[in-house]
Amino acid sequence: MSALFQPIQLGGLNLPNRIAVSPMCQYSAVEGLAQTWHLVHVGGLALSGAGVVVMEATATEAAGRITHGCLGLYTDAHEEALGKLVTEIKKLAPAAIGIQLGHAGRRASCRPVRDRWKGECLTAEEGAWQTVAPSAIPYDETWHEPVAMDSAALERVRSSFVDAARRADRAGFDLVEIHGAHGYLLHQFLSPVTNHRTDAYGGSLENRMRFVLEIAQAMRAVWPREKALGFRMNSTDWHPEGLTQDDADTLAKALKAIGVDYVVMSAGNLAPGCKIPPAAPGHQVEYARRVKAATGMTTMAVGLIATADLAERIIESGDADMVAIGRGMLDNPRWGLLAAAECGVDVDYVPQYIRSRPNNWIGFPIAHPKARPIVGTRQMDRPSSGGWDRPDVVTK
Ligand SMILES: Cc1cc2nc3c(=O)[nH]c(=O)nc-3n(C[C@H](O)[C@H](O)[C@H](O)COP(=O)(O)O)c2cc1C
């Protein structure tokens with residue numbers, strides 16, 4: 001019996017297994033609009049065997065995009081483009097589809113990763129824009145100097161998260177993940193390294209959490225209970241003056257009290273001077289374990305979970321409730337199906353790919369020597385239980 005392939009209820013969402021595709025920026029949007037690339041990319045991952053695919057960090061306002069190529073969800077056109085994508089994918093593939101909503105704050109107005117050999121920040125000629133942050137502290141001396149957000153800016157950004165959540169719901173997403181990690185705007189508010197405010201939004205941890213909790217609470221009020229609402233946070237800043245794991249526990253407790261359904265425990269990217277230990281397999285699982293133990297919150301572990309064996313052990317041990325897989329899914333967009341075979345679990349395939357199912361293809365154990373034999377019927381002899389054999393019909 002595999003723990004990884006036990007169903008889970010995430011908020012109001014029923015997922016068939018504990019695997020999520022972690023959000024990954026594609027830098028392939030035009031004016032924030034989803035393109036054919038997103039359909040191909042997310043569509044492929046929706047066939048990965050993961051229970052849910054979480055789409056990349058998507059900005060709630062134009063100034064919140066990391067790059068010109070980042071997705072946005074702040075106009076009707078953005079909503080329509082993402083709505084079409086979700087509708088088309090759901091006709092064909094079984095995974096739930098989520099979206100990460102965020103704002104880059106002082107880390108906005110950058111070049112996409114493929115152009116960063118030229119330097120991180122956009123120049124004026126390239127269309128750089130004014131960045132915002134809790135305090136007017138640039139990432140370092142080579143970065144744009146952000147404007148400290150006044151009360152009108154706080155209200156505008158708060159509303160932008162709520163509006164984007166409404167749009168995500170109308171577009172058909174099953175899950176929204178609030179991006180509160182990796183040194184972007186919400187994390188900038190949380191950390192004393194980046195938040196030097198002297199008003200009600202700075203100073204004590206309670207004050208630094210205020211903006212984030214106001215946003216999460218307002219999003220909770222508009223995001224349906226039958227879907228899932230999550231929050232990605234840094235468990236520690238790895239910085240002598242930064243957030244600690246105790247702070248992460250406090251934040252998770254507050255998010256849980258608001259009704260946020262899960263947290264993803266990540267780390268990194270807040271500011272220069274953070275001393276992050278070298279990554280090892282499952283190097284952030286400990287944070288998920290800690291928060292889960294301290295708060296009882298549903299947790300996702302993420303970070304260098306490259307093998308099904310490790311994912312299975314994380315869930316089996318109870319260290320986390322789910323695993324989010326990033327680069328492993330880019331490497332092998334059938335990661336979840338292969339994980340099922342390695343765990344000896346019989347899962348549905350879409351009819352188009354049924355000839356490659358472990359019991360249907362004698363090449364499977366040759367291609368994947370770690371796959372365990374699945375005892376049961378030849379799956380071509382029984383109908384698909386997922387209903388995915390009628391691609392013209394929206395079944396969920
Ligand atoms: C290409 C790429 C883009 C990423 N974009 C995002 C993102 O949009 N939001 C986010 O929270 N994390 C992002 N990440 C981090 C991943 O979601 C994940 O946390 C990280 O890669 C560690 O997991 P892994 O070892 O399974 O890749 C990105 C990672 C990669 C490789």
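**Helix packing and nonpolar cores in a predicted model**

The buried residues of helix 8 are covered by elements that include helix 7, strand 11 (298-302), strand 12 and helix 10 (335-342). Helices (H or I, at least four residues) and strands (E, at least two) are DSSP runs, numbered from the N terminus. The structure is a predicted model, in which local features need pLDDT of at least 70 and side-chain atom pairs count only at pLDDT 80 or more, while totals for chains, interfaces and linings use all residues. Residues are numbered from 1 along each chain as its sequence is written, and side-chain values use heavy atoms, with hydrogens and water left out.

Helix 8 spans residues 308-317, and its buried residues are Ala 308, Leu 310, Ala 311, Glu 312, Ile 314 and Ile 315. Here, buried means under 20% relative accessible area, exposed over 50%, and partly exposed in between (1.4 Å probe, protein chains only). After helix 8 comes Gly 318, with a positive phi near 85°.

Strand 12 (residues 322-325) contains Val 323. Because its relative accessibility is 0%, Val 323 counts as buried. Leaving aside residues up to four places away in sequence, Val 323 touches Ala 311, Ile 314 and Ile 315, as well as Leu 4, Arg 18, Ile 19, Ala 20, Ala 301 and Ile 305; contact means heavy atoms within 4.5 Å.

The largest nonpolar core has 90 residues, of which Ile 19, Phe 173, Phe 211, Phe 231 and Leu 255 touch the most other members. Helix 3 supplies the largest share of this core, nine residues. Apart from this core lies another, of 16 residues, including Val 52, Leu 175, Val 264 and Met 322. A nonpolar core is a set of buried Ala, Val, Leu, Ile, Met, Phe, Trp, Tyr and Cys residues joined through side-chain atoms within 4.5 Å. Among the residues that Phe 231 touches, not counting those up to four places away in sequence, are Leu 190, Val 212, Leu 251, Leu 255 and Tyr 262.

The helix pairs come next. Helix 6 (residues 245-258) packs against helix 7 (residues 285-295) at an angle of about 55°, with axes 9 Å apart. Axes are lines fitted to C-alpha atoms, for helices over the stretch in contact, and angles run from 0 to 180 degrees between N-to-C directions. Helix 6 and helix 7 are therefore oblique to each other, given that angles under 35 degrees count as roughly parallel, over 145 as roughly antiparallel, 65 to 115 as roughly perpendicular and the rest as oblique. In this contact, Gln 245, Asp 246, Ala 248, Asp 249, Ala 252, Lys 253 and Lys 256 of helix 6 meet Tyr 287, Arg 290, Val 291, Ala 294 and Thr 295 of helix 7.

Helix 2 (residues 76-92) and helix 3 (residues 151-171) pack at about 35°, with their axes 8 Å apart. From helix 2, Asp 76, Glu 79, Leu 82, Gly 83 and Val 86 meet Arg 167, Arg 170 and Ala 171 of helix 3.

Helix 2 also packs with helix 1 (residues 36-45), at an angle of about 35° and with axes 10 Å apart. His 38, Leu 39, Val 42 and Gly 43 of helix 1 meet Leu 85, Glu 88 and Ile 89 of helix 2.
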